[in-house]
Amino acid sequence: SGLSLYGDIKIKERLFIVAELGNDQKTIETENINSKLSGSYIKTGFNYNLYNNLPGLNNEIYVGLRYSQSLFKNELINYSVYNKDRFWNDQRILEYKEFDNLKSSWIEFVVGFNSEIKNNLFMGLSLRLNRILSQNQPEDFGNLYVPGFNKVTDENNFGVGFNYTITYSFPFRFKKNKKIL
């Protein structure tokens with residue numbers, strides 16, 4: 001489960017500065033591990049609108065880039081050692097450990113669209129390709145999930161994800177000052 005708040009500001013006709021704040025909670029229950037993760041993230045960057053709108057329309061087809069950071073904690077509730085042959089009857093190890101102040105940073109390449117469905121109300125979808133830049137991992141345990149990034153594996157620093165959004169555009173307009181000589 002999670003919640004994300006998104007905002008952008010138009011700085012040129014097709015260029016937007018973007019920020020996203022979010023919080024995620026995830027429970028991982030598999031045959032070998034039982035773990036809970038929770039944390040917050042921030043993503044900042046820009047979008048460039050590739051779509052040439054007809055007069056009166058505000059739709060977007062965009063590409064973007066984000067720099068993202070996450071601060072989270074991981075609770076290891078229990079686990080069992082992976083054993084391929086299962087000759088010995090392995091027991092679950094009931095050892096609760098909590099790992100606080102874990103951090104991760106990554107970049108995201110974003111492709112998406114926003115379509116105006118009613119006056120100033122937009123619906124959108126985006127596809128994201130992520131690459132981890134850095135992360136601190138607990139000793140003797142790897143990060144399985146990073147809030148805002150998604151699933152993490154040892155062999156791969158890349159991830160993908162998608163977002164669907166419903167946004168409202170507040171109709172703020174800044175007036176340009178004209179000097180009269």
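Modeller: This is a predicted model. From the N terminus on, its elements run β-β-β-β-β-β-β-β-β. That makes nine strands and zero helices.

Biologist: Why is the protein called more spread out than a compact globule?

Modeller: The globule rule gives 16 Å for 181 residues. The radius of gyration here is 21 Å, well over that value, so the protein is more spread out than a compact globule. The C-alpha atoms fill a box of roughly 85 × 30 × 25 Å along the principal axes.

Biologist: Why is K43 called buried?

Modeller: Buried means under 20% relative accessible area. K43 has 3%, so K43 counts as buried. Its place is in strand β3, residues 33–49. Of the 181 residues of the protein, 31% count as buried.

Biologist: What makes the pair K43 and E108 a polar contact?

Modeller: The cut-off is 3.5 Å between N or O atoms. The side chains of K43 and E108 are joined at 2.8 Å, so the pair qualifies. A polar atom of the K43 side chain also lies 3.2 Å from the backbone oxygen of G148. Among the other residues that K43 touches are R66, W106 and R128.

Biologist: Which residues have the most contacts inside the largest nonpolar core?

Modeller: They are W106, V146 and F149, in a core of 15 residues. The elements giving two or more residues to this core are β3, β4 (60–79), β5 (97–118) and β7 (145–146). V146 is in contact with W106, and also with residues including F72 and V152.

Terms used:
Residues are numbered from 1 along each chain as its sequence is written. This is a predicted model: local features need pLDDT of at least 70, side-chain atom pairs count only at pLDDT 80 or more; totals for chains, interfaces and linings use all residues. Side-chain values use heavy atoms; hydrogens and water are left out. Helices (H or I, at least four residues) and strands (E, at least two) are DSSP runs, numbered from the N terminus. Buried means under 20% relative accessible area, exposed over 50%, partly exposed in between (1.4 Å probe, protein chains only). A polar contact is a pair of N or O atoms within 3.5 Å; within protein, one must be able to donate a hydrogen and the other to accept it, and residues adjacent in sequence count only if both atoms are side-chain atoms. Contact means heavy atoms within 4.5 Å. A nonpolar core is a set of buried Ala, Val, Leu, Ile, Met, Phe, Trp, Tyr and Cys residues joined through side-chain atoms within 4.5 Å. The radius of gyration is taken over C-alpha atoms; the globule rule is 2.2 Å times the number of residues to the power 0.38. Lists of a residue's contacts leave out its neighbours within four places in sequence.
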